[in-house]
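Please read it alongside the sequence and the structure.

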Amino acid sequence: MSTSLSKVRNAETQSVEPFTNEGAYHGSTEQKPPGPPETDVAEEKRATTLERYLARGVTEIESFEANFPNRLELVERLPAPSQEQVRDDGVTFCWCPFEEAIELAGPLTLSVLMGMRNGLTGTRRYAYFDSKIQYFLPGDLPVDSCLRHVDESIAVRDTRVLPFGVKVLHDIRARQERQRYSPILQAYQSSGHCATGFLDGPLRLRMPELIPNFRAFDAAVRASGVPEIAHEAGTIRRYDGRTVHWATPATSAGWRLWARCVETDVEHHPNASVIECYGTVFRPRRPVF
Ligand SMILES: [Fe+2]
C-alpha cells in the first residue's frame, strides 16, 4: 500500500470529474454495505451519543446547543512559491506518516513539512500528512463538496446506523463533549485563488446531536452571520475538530499545493485507489456560488 505518488504534472493532463457536492474529502465516494461495528475503537472515534441512543432503543434524534470556537492559529508564514515550483514539486501524499513524507517530499512540500513540524503538538499517537498538487480552471473545486463541515468528525458507517434509516451518522455531540480527544490539524495552501473558507469567530448553534451529512449544517452556518475569512496564501494554520470550514471554487486558473497534517490516535491505512484519485479536481456544470 502506497501513501505517496510521484508524478510529472501539466495542465493538460490534470484529472477532472463532474462536481456533485456529495463527495468524501479523501476522494473516495465508494459506498460499502455497512459491516459490524469495529472493536477496540480509540476514544477519539467513540460515538458516545449514538451509544446512548442504542442503549435506550431510541431513534428519534434530539437537538442540543453546539459550540464551535473556530480556533485557527497561525503556525508559520512561508514565502509564496511560483506556479512552476508548485507544478514541478513531484510527490504528493495521502495519510503518509509525517516522518516518511519528509524523506520523499519535493523542495516546496519539504518547506511546508518543516513549518508544520514546528506546529506539531506531539500529543497523539500518529501524525499523518496529506497533500495535493492541482491545476484549476476558474470555477473548479479541489474536492467534491463545498459544504461547511468540521474535519475528522466521528462518522459511524456500520450496522449501528441502520435503525436510523441512513448509511452514515456523524456524532457531533460526542466530539463536542469529548473535545480533549479531538485530532489536531494543520493546513497549508500555496496560493490564494482557491482558498479554503473558515469561520472567523465563535458559533453557537442549536442542531441535531447526530447528522447524516453536512447539508442542513451548511445552511445553518450560512444563516448564522458569523464572519468568514479565506486561508491566506503561504500560511500554515492549526485547528481542531470544532473548526468550521469549506472548499471554495477557484477564482482564476493556476496551480495550487494544498497540504494537511493530522495528529490523531487513529491508525489509517488508505487503499491504493484513494491516492490515485486524490488530486482530481471537480468541475461544476454551473457555478456553485
Ligand atoms: Fe475539511
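Leu199 stands opposite Glu228 in β14. The model is predicted: local features need pLDDT of at least 70, side-chain atom pairs count only at pLDDT 80 or more, and totals for chains, interfaces and linings use all residues. Residue numbers start from 1 along each chain as its sequence is written. Helices (H or I, at least four residues) and strands (E, at least two) are DSSP runs numbered from the N terminus, and two strands pair if DSSP finds at least two bridges between them.

**Overall dimensions**

- The protein has seven helices and 18 strands.
- Its C-alpha trace spans about 60 × 40 × 35 Å along the principal axes.
- The radius of gyration of the protein is 19 Å, which agrees with the value near 19 Å for a compact globule of 289 residues. This radius is taken over C-alpha atoms, and the globule rule is 2.2 Å times the number of residues to the power 0.38.
- Buried residues make up 37% of the 289 residues. A residue is buried if 20 or more other C-beta atoms lie within 10 Å of its own, exposed if 12 or fewer, and partly exposed in between, with C-beta atoms placed from the backbone.
- Of the contacts with a separation of 6 or more, 88% are between residues 24 or more positions apart. Two residues are in contact if their C-beta atoms, placed from the backbone, lie within 7 Å.

- Another open sheet has the order β8-β9-β13, and its pairing is antiparallel. Its edges are β8 (155–156) and β13 (210–211), each with a single partner strand, so one side of each has no neighbour in the sheet.
- β8 and β9 (residues 169–171) pair over two bridges; Val156 has Leu169 in β9 as its bridge partner.
- Helix α1 (residues 48–56) lies across β8, β9 and β13, at about 110 degrees to β9. Axes are lines fitted to C-alpha atoms, for helices over the stretch in contact, and angles run from 0 to 180 degrees between N-to-C directions.

**Strand β17**

- Ten of the eleven residues of β17 are buried, so the strand is largely enclosed by the rest of the structure.
- β7 pairs with β17 in the antiparallel sense over eleven bridges, and Lys132 stands opposite Trp258 in β17.
- β10 and β17 are also antiparallel, over six bridges; Ile184 stands opposite Glu263 in β17.

**Nonpolar cores**

- A nonpolar core is a set of buried Ala, Val, Leu, Ile, Met, Phe, Trp, Tyr and Cys residues joined through C-beta atoms within 7 Å.
- The largest core has 42 residues, and Cys96, Val112, Tyr128, Phe129, Leu141 and Cys261 have the most contacts inside it. Elements giving two or more residues to this core include α4 (107–119), β7 (126–136) and β17 (254–264).
- Val112 touches Leu78, Tyr188, Ile236 and Ala259, not counting residues up to four places away in sequence.
- A second, separate core of 20 residues includes Ile172, Ala174, Leu210 and Val244.

**Gly201**

- Gly201 lies in the loop between β11 and β12 (203–208), and with 14 C-beta neighbours inside 10 Å it counts as partly exposed.
- Leaving aside neighbours within four places in sequence, Gly201 is in contact with Asn70, Val226 and Pro227.
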